[in-house]
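Visitor: I would like to go through this model with you, one local feature at a time, with the criteria stated as we go.

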Amino acid sequence: MAFKSISLGKEKNSFSIPMGYFWVILIICIIPTLMAILGIDISYNDYRIISFSKITQSISTELILGRTFSTIWIIFSIAVGIFTCILTLIDFKVKKDISSPIIGLLMVSVSVFDMVQLLIILSAVKIKLSLDQAIYLSWFMSRVLHVLLLIIASIIIIKSKSEKQKVATKAQKIRQVKKAGWLFGILTAMLIVVLFYISFIPTAFINREAFFTHPFELVIIILFLIWGGILMPKVLRVDSGIFFQMLILSMIPAIFSDAHMAVFFKNFDIEYNFAQFLKFFTYIIPLVGISLNYSRNISKQHQMNMILDEEIKAKEKVQRDLERRQSLLQNAEKLANMGSWDLDVESKEINFSDALYKIFGYMPNSISPSLELMYNMIIPDYRADYKKMLDEAILNQTSFNTEYEVLWVNGERRYILAQCRYIKEDKKIIGTCLDITELKETTRKLSQNEILLKEAESIAHNGSFEWFAGVDHFFWSEEMFRIHGYEPNSVDITIAFYQTLIHPEDLEKCRKMVIEVMESKQDFSIEFRIIRPDNSIRYVYLTARVILNKDENINKIIGNLQDITELKNTAILLEKTESIYKTIASNVPDSIVLMYDKNYNLILFDGPIIDNIKFKNKLETGVHISHLFPDDEQATNEEFLEKAFSGEELQIEKEFDGDRIFMIDFKPVVNALGEVFNVMVVMHDITEIKKVQKSLEEKVEELNRSNQDLEQFAYVASHDLQEPLRKIRAFGDRLQTKYSNNIQEEGLDYIKRMQSASERMQTLIDDLLTFSRVTRTDEGFEDIDLLDQFQKIVEDLEYTIEKKDATVDIMVNHHIEGIPGQIRQLFQNLISNALKFTKEGEPPVVEIKSEILRGETLSTNLEPQRDYCRIIVKDNGIGFDQQYADKIFELFQRLHTRNEYQGTGIGLAVCKKIVEKHNGIITVESKQDKGTSFTIVLPLQQNN
């Protein structure tokens with residue numbers, strides 16, 4: 001059964017509330033509730049003594065038995081409240097803790113109000129309300145007062161126990177308790193006055209027709225839950241005594257009490273009596289708590305008495321031991337060069353041990369000990385601090401230790417390690433003084449040496465280590481940790497761990513070295529690589545000395561490890577650089593590469609044609625430049641080298657060996673600091689290039705003349721062709737106008753065809769001229785507002801757009817650099833095509849939009865880091881098969897017959913030519929009957 005698990009005062013929750021008491025209180029509260037719910041009656045000879053059944057409207061309000069019981073519960077409640085207050089005040093007198101008396105004053109305040117309620121029930125006092133209303137209102141105000149005072153008391157206790165407002169002195173605690181008493185008394189008096197002046201309460205306050213006949217009891221229940229659930233846990237954190245553990249349990253009967261009162265039907269019925277009984281039970285619990293508190297205190301006092309008896313016996317034994325050890329202490333002080341002293345805090349009397357006299361440079365008992373003497377022995381640099389620490393130790397009853405220097409009569413300085421402790425029981429300060437002069441000097445020298453060693457290791461990137469035979473651990477200096485990428489002493493260095501730091505390719509080499517050392521017992525050195533935690537690789541060089549014991553076995557190994565990464569990398573880099581230089585120099589066609597130092601001496605030379613060039617002397621490392629070239633060229637060459645060493649790059653052309661021409665470059669070679677330390681001279685044979693260049697220039701000149709002739713011919717031919725065409729069209733118009741009545745129908749058809757052919761010929765000539773102008777235009781590039789250009793094009797095509805009921809959406813807002821006339825021609829051709837090749841019965845829709853993108857996101861044929869404008873012209877026309885996407889940009893290429901759509905097949909070729917002229921690209925995507933989309937990519941800025 002559940003009752004078997006009850007263990008009073010032992011089973012506790014997180015707030016140390018005794019769970020046994022919790023269950024007992026809960027059961028006591030539940031039993032009356034169950035009896036009321038079941039409607040049990042207690043009667044004798046048909047006389048109803050106690051009835052737990054519901055009272056009907058017809059039963060008299062004056063239930064004598066119920067009134068008697070209610071009176072008893074109220075009287076008991078008043079007595080319990082007063083008795084609890086008395087016990088808490090006694091507890092305050094003993095313990096000086098303000099928590100319990102504040103609750104006691106709360107209880108007596110509520111008891112005073114309960115007296116008023118009792119007088120109203122007994123009709124000894126009358127108020128302005130009816131008796132029925134007065135009985136309940138006095139109950140309600142009593143409960144409100146109770147819960148409000150509990151909340152206020154809890155807040156006062158929490159604040160008084162907090163670190164910021166903690167009450168320290170006895171007088172302060174008494175004032176705090178008095179203030180709380182006055183506050184509770186004033187609130188109680190105010191509620192009593194309010195009770196006597198109220199002449200009307202709302203009908204909702206007492207509603208006999210509802211289940212909750214007194215609904216405002218729920219407000220009191222909520223207040224009790226706030227008090228018990230929010231404030232009391234905080235109170236228990238600052239005072240977890242049994243009194244407050246029981247006080248929080250009083251919330252249970254309080255809530256049950258108000259629950260019964262919320263549903264009682266008639267004054268003094270069974271629900272009303274249970275409410276009064278449970279309120280009385282609510283008062284009983286704090287009384288039990290303070291009683292348990294007293295019993296526990298008595299038990300603790302008994303235990304303390306037993307402990308004191310044992311301590312007295314122990315002290316007697318200690319006293320005997322103390323006398324025996326006193327002599328041992330004096331001997332120990334002499335051996336340890338340590339003295340002791342004690343100071344009576346009240347009388348300021350101080351005593352020195354014999355050893356302390358010697359530490360201060362005096363013979364034992366040769367002078368009278370005093371605080372002033374001790375202070376004067378301390379040199380001024382330490383005196384004020386020592387005096388301050390001693391005063392604080394006396395004031396705060398604490399201990400301290402410090403170091404200072406004393407000055408002997410002979411002028412010698414000694415270092416003293418002082419320790420002091422305050423003895424509360426004796427109100428004394430005891431202290432010891434240890435002469436650490438020799439230790440201090442040794443430590444100082446050792447510290448200086450250690451600092452110098454650490455600095456030296458850090459500067460040289462050297463670390464030291466020590467390993468003892470048979471031990472798995474190494475001792476490392478701080479720099480050893482840093483070389484391996486760790487903070488000093490951050491990891492435990494074992495043999496297995498260190499193997500994980502060695503580069504896998506060097507691990508076997510290191511293992512073989514260890515085996516050889518163990519066998520040979522000789523000093524050794526080795527170079528290998530390590531891997532740091534950040535995966536960086538470092539080169540290290542280890543040298544070690546093997547120390548043998550008297551049995552000629554290895555005792556320990558001490559050594560040094562140096563980080564040679566920079567040196568190694570430099571050597572590798574130098575080797576690679578020289579190899580790369582020679583490879584480049586030997587593979588540069590028709591060239592010789594020479595390298596000079598600051599003294600103009602040759603340090604490197606190579607090249608494919610080095611054997612074909614004759615110098616003044618043989619090329620050798622260390623030869624001065626004056627020995628390589630004739631005397632008349634020496635000054636010029638040295639001047640070029642001087643400029644190159646100052647950071648200037650030079651390039652000259654010069655004839656060599658009479659018939660050969662060389663391009664000679666003088667290039668400074670700089671180090672990481674930007675300093676020029678060498679000059680590289682590259683002599684490139686450009687004899688053949690010069691010949692080819694001269695031939696090419698002649699051909700370019702000839703081609704330019706040919707192009708000019710072709711352009712002149714095209715211009716003249718186009719104009720000469722237009723003159724006969726104009727005559728053909730003019731005479732054809734006259735023939736058709738004047739003689740149409742005399743010519744047969746077949747003749748008129750011939751004239752019409754002749755006119756159509758001449759018109760097409762005129763269009764073809766105009767388009768060819770346009771294509772030619774795009775090719776040879778000399779117009780300059782300007783800033784072009786694309787939106788402005790598209791708006792002008794739409795205005796020019798307004799008639800066609802209106803005729804075809806077309807829609808042109810322009811989503812363009814960018815500027816590019818280009819030739820305005822050509823850009824306009826480009827997009828006018830594209831929009832005209834979109835309006836020409838439309839589907840029958842479907843209004844044309846042309847969408848034009850633009851965006852700015854980087855070249856790397858558009859095409860591999862464009863400059864990756866350059867900004868481009870991508871313009872897309874999309875229509876919903878007839879489209880075409882994508883396989884003809886490249887063909888449509890060629891001259892005279894048509895995908896439809898002349899009868900279907902007019903045109904010469906030159907328009908898109910002109911578009912492509914314009915785009916290429918602007919260093920852009922044009923592409924097209926199309927699907928049969930799905931429309932066409934032209935994408936034009938043009939640079940924002942042209943390279944001038």
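Visitor: Is Asn-489 buried or exposed?
Guide: In this predicted model, where local features need pLDDT of at least 70, side-chain atom pairs count only at pLDDT 80 or more, and totals for chains, interfaces and linings use all residues, Asn-489 is found in the loop between helix H14 (478-483) and helix H15 (495-501). Residues are numbered from 1 along each chain as its sequence is written, and side-chain values use heavy atoms, with hydrogens and water left out. Buried means under 20% relative accessible area, exposed over 50% and partly exposed in between, with a 1.4 Å probe and protein chains only. The relative accessible area of Asn-489 is 62%, so the residue is exposed.

Visitor: Which value of phi does Lys-427 have?
Guide: Lys-427 is found in the loop between strand E6 (413-423) and strand E7 (428-435), where helices (H or I, at least four residues) and strands (E, at least two) are DSSP runs numbered from the N terminus. With a relative accessible area of 42%, Lys-427 is partly exposed. Although Lys-427 is not a glycine, its phi is positive, at about 50°.

Visitor: How many Å apart in space are Ser-353 and Ser-340?
Guide: Ser-353 is found in the loop between strand E4 (350-352) and helix H10 (354-359), and it counts as buried at 13% relative accessibility. In sequence, Ser-353 and Ser-340 are 13 residues apart. From C-alpha to C-alpha, the separation of Ser-353 and Ser-340 is 5.4 Å.

Visitor: What kind of aromatic pair do Trp-476 and Phe-481 form?
Guide: Rings of Phe, Tyr and Trp (its six-membered ring) pair if their centres lie within 6.5 Å; planes under 30 degrees apart count as stacked, over 60 as edge-to-face and the rest as tilted. By this rule the count comes to 15 aromatic pairs. Because the ring centres of Trp-476 and Phe-481 are 5.3 Å apart and the planes stand at 70°, the pair is edge-to-face.

Visitor: Are Trp-476 and Phe-481 buried or exposed, and where in the chain does Phe-827 of the pair with Phe-790 lie?
Guide: Trp-476 and Phe-481 are both buried. Phe-790 and Phe-827 form a tilted aromatic pair, 4.7 Å centre to centre with 55° between the planes. Phe-790 counts as buried at 1% relative accessibility, and Phe-827 is likewise buried with a relative accessible area of 1%. The pair links distant parts of the chain, 37 residues apart, with Phe-790 in helix H21 (residues 786-796) and Phe-827 in helix H23 (residues 820-836).

Visitor: How are helix H6 and helix H8 oriented to each other?
Guide: Axes are lines fitted to C-alpha atoms, for helices over the stretch in contact, and angles run from 0 to 180 degrees between N-to-C directions. Helix H6 (residues 217-238) and helix H8 (residues 251-263) pack with their axes 9 Å apart and at an angle of about 170°. Angles under 35 degrees count as roughly parallel, over 145 as roughly antiparallel, 65 to 115 as roughly perpendicular and the rest as oblique. H6 and H8 are therefore roughly antiparallel.

Visitor: What percentage of the residues in the protein chain is buried?
Guide: The secondary structure of the protein chain comes to 24 helices and 24 strands. Of the 944 residues in the protein chain, the buried ones make up 39%.
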